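Reader: I have a new model open and would like to go through it piece by piece. Can we start with what sits inside?

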Amino acid sequence: MDIIDVIKEQIQENPIVLYMKGSPNAPQCGFSARTVQALMACGERFAYVDVLANPDIRAELPAYANWPTFPQLWVQGELIGGCDIVTQMYEAGELQILIKEVAGKLGEAAEQGDAEGEHD
């Protein structure tokens with residue numbers, strides 16, 4: 001599997017994924033720190049990929065996304081943006097609505113799956 005396929009898989013399999021420098025508990029740049037702070041304040045789970053530990057992803061994602069910098073927040077397969085956009089959305093109350101909406105859909109899907117006898 002080439003690196004673009006890996007990126008596509010990460011974006012498809014994780015409804016909320018943040019490509020960042022470092023980890024949520026130890027961000028390695030100020031932009032990643034501000035972005036993860038806004039995302040964590042929404043109170044929902046999200047996946048992350050440390051691009052410093054994954055140099056192939058760091059090299060290829062900007063071209064795939066047509067977005068040159070990190071962090072990058074992806075929600076339901078769509079690039080939301082980087083630090084400035086995520087921070088502005090949070091300050092306007094839009095990020096919280098988006099993240100809660102996605103998390104709510106995940107919760108409903110899990111409940112329906114349980115009702116149909118599916119298990120994790």
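Reader: Which residues have the most contacts inside the largest nonpolar core?

Author: They are I16, L18, L39, L73, V75, L95 and I99, in a core of 15 residues. A nonpolar core here is a set of buried Ala, Val, Leu, Ile, Met, Phe, Trp, Tyr and Cys residues joined through side-chain atoms within 4.5 Å. Buried means under 20% relative accessible area, exposed means over 50%, and partly exposed is in between, with a 1.4 Å probe and protein chains only.

Reader: Which helices and strands each supply at least two residues of this core?

Author: Strand 1 (16–20), helix 2 (30–41), strand 5 (72–75), helix 4 (83–92) and helix 5 (94–115) each do. Helices (H or I, at least four residues) and strands (E, at least two) are DSSP runs, numbered from the N terminus. A second, separate core has 11 residues, including I11, V51, L61 and W74.

Reader: Before going on, what am I looking at?

Author: This is a predicted model, where local features need pLDDT of at least 70, side-chain atom pairs count only at pLDDT 80 or more, and totals for chains, interfaces and linings use all residues. Residues are numbered from 1 along each chain as its sequence is written, and side-chain values use heavy atoms, with hydrogens and water left out.

Reader: OK, back to I99. What is I99 in contact with, leaving aside neighbours within four places in sequence?

Author: I16, L39, C42, E44 and V75. Contact means heavy atoms within 4.5 Å.

Reader: How many salt bridges does a search of the whole structure find?

Author: One. The side chains of K100 and E44 form it, at 3.2 Å from N to O. The term covers a side-chain nitrogen of Lys or Arg within 4 Å of a carboxyl oxygen of Asp or Glu.

Reader: What does the pair tie together?

Author: K100 lies in helix 5 and E44 in the loop between helix 2 and strand 4 (47–50), so the bridge ties together parts 56 residues apart in sequence.

Reader: Is K100 buried or partly exposed? And E44, buried or partly exposed?

Author: K100 counts as partly exposed, at 41% relative accessibility. E44 counts as partly exposed at 28%.

Reader: New topic. At what angle do helix 1 and helix 3 pack?

Author: Helix 1 (residues 3–13) and helix 3 (residues 55–65) pack at about 75°, with their axes 10 Å apart. Axes are lines fitted to C-alpha atoms, for helices over the stretch in contact, and angles run from 0 to 180 degrees between N-to-C directions. That makes helix 1 roughly perpendicular to helix 3. Angles of 65 to 115 degrees count as roughly perpendicular, under 35 as roughly parallel, over 145 as roughly antiparallel and the rest as oblique.

Reader: Which residues meet there?

Author: I3, I4, V6, I7, K8, Q10 and I11 in helix 1 meet D56, I57, E60, L61 and Y64 in helix 3.

Reader: Q10 stands out to me. Is Q10 buried or exposed?

Author: Q10 counts as buried, at 19% relative accessibility. Leaving aside neighbours within four places in sequence, Q10 is in contact with V17, Y19, V49 and I57.

Reader: And S32, buried or exposed?

Author: S32 lies in helix 2 and counts as buried at 0% relative accessibility. Not counting residues up to four places away in sequence, S32 touches M20, K21, P27 and P71.

Reader: Where does K21 lie?

Author: In the loop between strand 1 and strand 2 (22–23). K21 is 30 residues from V51 in sequence, and the two are 5.5 Å apart in space, C-alpha to C-alpha.
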